[in-house]
Amino acid sequence: MSNQTDSLFRDLSDAVVGMDEKRTRQLSIQAVEQGVDALSAIEHGLVEGMNRAGKLFETEEYFIPELLLCSDAMYAGLDILRPHLKHEENQVRHKIVIGVVEGDTHDIGKNLVKIMLEASGFDIVDLGRDIPPQRFVDEAIQAKASVIALSTLMTTTMDGMAEVIQLLNKANVRGQFKVIVGGGPISQSFATRIGADGYAAGAPAAVKLVKQLIGEAA
Amino acid sequence: MSRDRLTPVERFAACQRGGPLDRLPCVPIVGNTAARVLGVKVSEFRGNGRLIADAQVAAYRRFGYDVIRIFTDLYTQAEAMGAKVHYPDDETAYLAEPAIQSADGIALLTPVDPFKDGNLPHHLEAMELAYRAVGKEVPVTGALTGPFTTASFLIGTENLVRLTLKNPAAVHQLCEVACKGALAYASAILDTGCTPSLTDAMCSTTVISPAQFKEFGQPYLKRLVDFIHGRGRAVTLHICGKTAPIWEAMADTGADCLSIDNAADLEAAKAKVGRRVRLMGNVSPSEIMLQGTTAQVRAAVRACVRKAHDNPKGLVVASGCSLPVETPFANIDAMLDAVREIGWPVDAGKLEMELAA
């Protein structure tokens with residue numbers, strides 16, 4: 001890796017942390033024009049920047065507004081760099097189906113988890129919000145997902161999380177998926193009680209949890 | 001357990017004098033759980049002020065807690081300004097769609113007319129009826145959503161928080177129109193005899209930074225608090241989620257009581273702002289009140305009292321947020337009973353010993 005590409009990666013990373021969407025786009029175009037390896041630019045530039053943003057979020061130097069603008073910059077760069085990935089690099093290893101359970105439209109927490117998982121190289125199928133339990137099951141089977149991630153802010157929808165797991169059991173496919181849950185009213189004890197594989201209190205923690213669960217599965 | 005010697009109004013007055021009391025004030029924050037007391041569906045509250053009042057008064061009489069709050073959901077003001085709210089058959093309503101999609105729409109919004117728009121007239125009717133029924137013995141409050149939170153329902157939370165960094169002027173414009181409506185609604189609430197009770201959920205540091213709270217939350221809250229003070233009433237401010245970094249800024253709004261979520265610590269709040277404000281909190285509404293046993297409720301109440309019974313400006317034992325609809329009655333009773341069992345004055349040594357054991 002030349003010093004020049006090194007410094008381009010650092011600039012990309014800085015632009016993402018600095019919430020500078022325009023500069024991230026310019027630098028991504030520059031990377032393409034200079035023939036820099038797209039995967040490296042994504043991993044050492046964009047994702048590195050998003051991970052730094054995630055750390056700042058964990059230490060409460062960044063909050064949701066900052067994290068969202070960083071992700072806007074990251075996605076702007078990804079749009080430019082992804083078409084230049086070599087074919088085999090586009091084969092994503094693990095798919096995650098994510099959504100907010102039916103009866104709730106608070107989706108900012110879900111979106112943060114999605115952003116951080118995407119930055120960590122997972123392929124995300126985002127179902128959106130207010131999603132009936134059966135749809136999580138159907139979509140996960142269809143996508144051959146490894147993980148189902150369920151989010152809610154409302155206690156009224158917590159039963160829907162348990163129902164997803166019951167439906168997976170009923171369809172005899174529970175073993176194919178790791179199910180993780182999160183959101184305001186959710187706790188580890190609730191996750192354990194409904195038979196989920198894990199609970200995470202926030203987006204960066206969710207990434208660690210997924211990595212750990214998938215490591216177990218491998 | 002035997003019922004209480006003092007009425008809630010007498011109890012709060014005694015608190016102001018420094019005692020003697022029969023027990024600490026206690027507020028399991030009952031919202032739509034009141035529907036369960038009357039055996040009606042939550043959706044029947046929509047557009048039916050009398051039913052809301054009947055249910056809230058019945059719930060107060062059933063449990064004997066210290067504040068009635070006329071509340072069904074946080075969306076009433078945003079709905080009255082054009083946001084679409086979904087009403088499930090028998091659960092709490094939720095936001096279906098914001099009123100506007102981008103900052104371009106802000107100019108089209110107008111402050112609410114509390115006597116005409118959305119469900120506000122019905123809520124005012126509920127406040128008036130509840131106040132008339134029991135206002136002499138128990139404080140009756142009307143839920144008032146803070147301007148920043150209403151703004152988030154008007155334009156969508158993600159939109160709003162992005163704008164706090166990209167177009168702060170637009171956020172102020174939106175908060176301004178929400179604040180004007182909130183002031184009009186606050187005035188109408190006061191006219192019913194009730195006191196507005198402020199909730200500004202999105203101001204939590206779970207969502208925005210302390211600097212953003214100071215810029216977009218606090219100034220509008222302060223205007224509301226000043227207005228309510230001008231009418232001679234004390235104000236409670238509730239912000240959900242994490243709030244530790246903004247306790248001082250919350251107290252700077254002039255609020256008399258801060259209601260804090262279970263994501264925050266009463267002992268730390270006492271150390272930081274206890275000389276300035278009464279504290280209210282903070283048994284977990286989901287993990288303990290909804291899902292816990294009565295023994296867990298009792299233990300959680302004792303922990304709250306141990307942490308903050310000596311708060312210089314006083315403590316109201318409460319749930320950290322509104323109770324989920326299906327919270328078991330036994331757990332609400334257990335909360336009150338635990339407070340009655342502790343009594344007054346609080347035997348701090350005994351609570352400390354439990355902690356050590």
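Reader: Which strands of chain A does helix α5 (residues 108-119) lie across, and at about what angle does the helix run to β2(A)?

Author: In this predicted model, local features need pLDDT of at least 70 and side-chain atom pairs count only at pLDDT 80 or more, while totals for chains, interfaces and linings use all residues. Residues are numbered from 1 along each chain as its sequence is written, chains are lettered from A and ligands numbered from 1 in the order in which they are written, and side-chain values use heavy atoms, with hydrogens and water left out.

Author: Helices (H or I, at least four residues) and strands (E, at least two) are DSSP runs, numbered from the N terminus. Contact means heavy atoms within 4.5 Å. Axes are lines fitted to C-alpha atoms, for helices over the stretch in contact, and angles run from 0 to 180 degrees between N-to-C directions. Here α5(A) lies across β1 (95-101), β2 and β3 of chain A, at about 175 degrees to β2(A).

Reader: In what order do the strands of the open sheet in chain A stand?

Author: Strands of a sheet pair through backbone hydrogen bonds, either parallel or antiparallel. Two strands pair if DSSP finds at least two bridges between them. The five strands run β2-β1-β3-β4-β5, with parallel pairing. β2 (123-131) and β5 (198-199) of chain A are at the edges with a single partner strand each, so one side of each has no neighbour in the sheet.

Reader: How many bridges join β3(A) and β4(A)?

Author: Five bridges link β3 (residues 147-151) and β4 (residues 178-182) of chain A; A:Val147 has A:Lys178 as its bridge partner.
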